[in-house]
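Please look through the structure below slowly, and keep it in view while you read the explanation that follows.

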Amino acid sequence: MPTPELTSLRSARVTAAHRLAKRSFRGKERRFLAEGPQAVREAVAHPGGPAGRTLIELYATPEAAERHAGLVEAARAAGAPVLSATPEVIAEISDTVTPQGLVGVCRFLDTPFDAVLAARPRLVAVLAHVRDPGNAGTVLRCADAAGADAVVLTDASVDLYNPKAVRASAGSLFHLPVATGVPVADAVAGLRAAGVRVLAADGAGDRDLDDELDRGAMGGPSAWIFGNEAWGLPEETRALADAVVRVPIHGRAESLNLATAAAVCLYASARAQRAPAGCRSVTSS
């Protein structure tokens, strides 16, 4: 194995990468970290944009470079420098307790909200007041799995590029357009003007998801607003929506967590949109 090039925790390159753990530095540099082979693989495959390739550079321990030789060669072929680093350097850069030996520095991926609307989306997840990065990343992953066209994070939500959010997205961050920093009122107005029905997901909603499906109301373009897991959506946000919809609880559970509720709602819309004659409930047997 080659001798690592980066051995000092105080080197300028390591310091610059370590600073990306902080939101202020990420915003200033418009760069973030992608940790582990799955995230790095998606970054390598991402086509990039006007600013250039998505993966700017890759840090790897000699052991990880040998174990993931194909991925390292793909990064090099895509034009990203690969820097060999000691496990201590990778641990300094990484946000995880047990780093996997690969950390990529990537360009921001966010898409302008106007571009999201111009694509005439049929299914959108809107994260309003979502402060937990793990929840944000997991909802992004659910939206990707359900075939959503975009995700929108309002200006009151967590930073999409928080390392925990990137990790929780399990690579989905690289798969679909994401608009960030959009005021919730602007998000609702823009989506409605684009012909999208805006639904607020709330456990106390006056409409039942099963009933909406049964009456064939879910087949058109729709956007779901999801709120903070602890205190839900503020009244002023619920008031902006075309309907406030609850996921029915058929058992004795008090509620669903944010990611589970988002998965149910997004899949309900996805199924209704794909069914030529509408569909029945997705939450009952």
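Helices (H or I, at least four residues) and strands (E, at least two) are DSSP runs, numbered from the N terminus, and contact means heavy atoms within 4.5 Å. This is a predicted model, in which local features need pLDDT of at least 70 and side-chain atom pairs count only at pLDDT 80 or more, while totals for chains, interfaces and linings use all residues. Residues are numbered from 1 along each chain as its sequence is written, and side-chain values use heavy atoms, with hydrogens and water left out.

We can begin with helix α8, which covers residues 133-145. The expected span of a helix is 1.5 Å times one less than its number of residues, so the 13 residues of α8 should span 18 Å, and this agrees with its end C-alpha atoms, which are 18 Å apart. Several residues of α8 are buried, among them Pro133, Gly137 and Leu140, where buried means under 20% relative accessible area, exposed means over 50%, and partly exposed lies in between (1.4 Å probe, protein chains only). The buried residues of α8 pack against the strands β5 (123-127), β6 (150-154), β7 (178-182) and β10 (222-226), and also against the helices α9 (163-168) and α13 (258-274).

The pairing of α8 with α13 deserves a separate look. Their axes, which are lines fitted to C-alpha atoms over the stretch in contact, with angles running from 0 to 180 degrees between N-to-C directions, are 9 Å apart and lie at an angle of about 20°. That makes α8 roughly parallel to α13, since angles under 35 degrees count as roughly parallel, over 145 as roughly antiparallel, 65 to 115 as roughly perpendicular and the rest as oblique. In this contact, Asn135, Thr138, Val139, Cys142, Ala143 and Ala145 of α8 meet Leu258, Ala259, Ala262, Ala263, Leu266 and Tyr267 of α13.

A second pair is formed by helix α3 (residues 36-45) and helix α5 (residues 69-77), whose axes come within 10 Å and cross at roughly 30°. That makes α3 roughly parallel to α5. Here Pro37, Val40, Arg41 and Val44 in α3 meet Leu71, Ala74 and Ala75 in α5.

Finally, turn to Glu212, which sits in helix α11 (residues 209-214). Is Glu212 buried or exposed? Glu212 is buried, because its relative accessible area is 3%. Leaving aside neighbours within four places in sequence, Glu212 is in contact with Arg197, Arg207, Ala217, Met218 and Val245.
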